[in-house]
Structure formats: structure tokens, C-alpha cells
Amino acid sequence: MNEIPPEVFAEYEALNARVEGFQVRVRERYPGQIECRAGCSECCRRIPRLILSPVEAFYLREQLRQLPPEEQARLREASRTAMPPCPILTDDACRLHRNRPLLCRTYGYPTLSPELLTIGEPALNYCYKNFTGLTGPNTLDPDCVMNVDRATQELWEINARFVRERWGVAFDRSMAFTVQEVLQGVLDKWSPAGSRRVAGAGGSGGGGAGNSRP
Ligand code: SF4
């Protein structure tokens, strides 16, 4: 059943906590400029796919297991329908908001990808509902813009240790799962030997494995 002791997720939880700290900093620096809050589920309603790296996926599975059985069954049923919206969205709120995936935490807040910048792609991202009172993106305090490439790199390193310590093999970025697969119990019997590529997995720039922003 691929049981994972809770302490294995300490590094991943620490990364999530740092992202949370960054968001507190942004809200304090720009009071009234951030619309991301309970009751706004636009990201979850528009996200075309949610692909999770192994540590994110197994962590999500552990959070799902703590829900009452009838609720787990309801989410599993919701996962049979294509996204959007995300099957975990319930009554306009994430049912696992406190423990939502890293990617979901970064939505809406300012992120910058130096890697995208080098190939001339739009590198700065934030929700169009935020910072409407500012004159332009260049006015943002650099301390309030998350380097998403660095966060992604850190996530890959955590995954490398997670996969090596659990299964004794090297992490491969094609080891990735859709949120629907997590809900449908795919992880219980997963092994790296039988791993296959999720379309689009392995890219950077989203804090997760090959997701696209809504
Ligand atoms: S996991 Fe939660 S926060 Fe992430 S897209 Fe789904 S409902 Fe939204």
C-alpha cells in the first residue's frame, strides 16, 4: 500500500511553510492589494490540469485519508469528471486548503521565472485581481516576488531524496500523477518500475510538475 510515515514529509512541509511566509510578507507589504482569500476559487475553477510530483501526490493522499470515508468517496466520484474544476473544490473552497499542494499555494501571488525570461517568455505572473491599485508590475518590491525556478528546483531535490529513500531509485521528472489519479488510489500500488509519463510532466515554472496556470 506504499505506506509513508508522516515525518518523511517534513522537508516538503517546510517548503510549504516558507511559501506561506512569503505570502504573509506580500500581504503586509501590499495591504488591500491581494484578493486571494477564502471565497475566491477562480484558480481551482479554471485550472486545466493539476499534476503532482511524487512527494506532493503522496502528501495529498495522506491528507485525503484523514477525511471521513463518505467524503473521500464523494471526492473520488468527483474525480471521474474531467477538470476544470478541480475535484477537491467543495462549496467554493478547497477541501484541503490548509494542506493544499505547493502549486496551489503559489497561484495568485507574484512569481518570476528567470528561466522563462531568458527565452523571452512572460516571466512574471500574478492573478489579474491582485495589485489593481498599482501602476505596473515593475513597481513590485523584489522581496515580494517569488523565484519560482528556485522553488521548483528545491521541490525536485526533495523528490529526489523522497524517491531514493523509499524505492531506492533515482527520481525522474516523468514520475508524476494527476490529482484524479491520487483520488482514485493509483499511488497505493505505484512503483517506479511501472512508472509512465504524464503528458506535459517534467517542466518547470509552476512550482509543480508540468502544470499550466489557469
Ligand atoms: S487542490 Fe485545492 S487549491 Fe488546489 S486546485 Fe484543487 S481545490 Fe484548488
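Here is a short walk through the model, from the ligand to the core.

A word on the ground rules. Numbering starts from 1 along each chain as its sequence is written. The model is predicted, so to speak of local features a pLDDT of at least 70 is needed, side-chain atom pairs count only at pLDDT 80 or more, and totals for chains, interfaces and linings use all residues.

**Stop 1: the ligand**

Select the ligand and show what surrounds it: Cys44, Ile47, Leu50, Cys86, Ile88, Leu89, Cys94, Leu96, Arg100, Pro101 and Cys104.

Now click on Cys94, in strand β3 (residues 93-94). Helices (H or I, at least four residues) and strands (E, at least two) are DSSP runs, numbered from the N terminus. Cys94 counts as partly exposed because it has 18 C-beta neighbours inside 10 Å. The scale goes like this: buried means 20 or more other C-beta atoms within 10 Å of the residue's own, exposed means 12 or fewer, and partly exposed is in between, with C-beta atoms placed from the backbone. Leaving out residues up to four places away in sequence, Cys94 touches Cys44, Ile88, Leu89, Arg100 and Cys104; contact means C-beta atoms, placed from the backbone, within 7 Å. Try the distance tool on Cys94 and Cys44: they are 50 residues apart along the chain, yet their C-alpha atoms are separated by 7.9 Å.

**Stop 2**

Go to the loop between α4 (69-78) and β2 (89-90), where you'll find Pro84. A cis peptide bond joins Met83 and Pro84, with omega about -10°. Another cis bond joins Pro84 and Pro85, with omega about 0°.

Next, pick Asp91, in the loop between β2 and β3. Its phi is positive, about 50°, although Asp91 is not a glycine. Phe131 has a positive phi too, about 60°, and sits in the loop between β5 (124-125) and β6 (146-147). Which of the two is buried and which exposed? Asp91 is exposed, with 6 C-beta neighbours inside 10 Å, whereas Phe131 is buried, with 20.

**Stop 3: helix α7**

Select residues 148-167, which form helix α7. Colour its buried residues: Val148, Ala151, Thr152, Leu155, Ile158, Asn159, Phe162 and Val163. Look down the axis of α7 and they fall within an arc of 130°, so they line one face of the helix. That arc is taken from the directions from the helix axis to the C-beta atoms. On the face turned away, look for the exposed residues Arg150, Arg164 and Glu165. The buried side packs against α1 (10-29), α3 (54-65), α5 (102-106), β4 (111-112) and β6.

**Stop 4: the core**

Finally, select Leu52, Ala57, Val179 and Val182, the residues with the most contacts inside the largest nonpolar core, which has 41 residues. Such a core is a set of buried Ala, Val, Leu, Ile, Met, Phe, Trp, Tyr and Cys residues joined through C-beta atoms within 7 Å. Its largest share, six residues, comes from α7.

Notes: Near = placed C-beta within 6 Å. Contact = placed C-beta atoms within 7 Å. Expected span 1.5 Å × (residues − 1).
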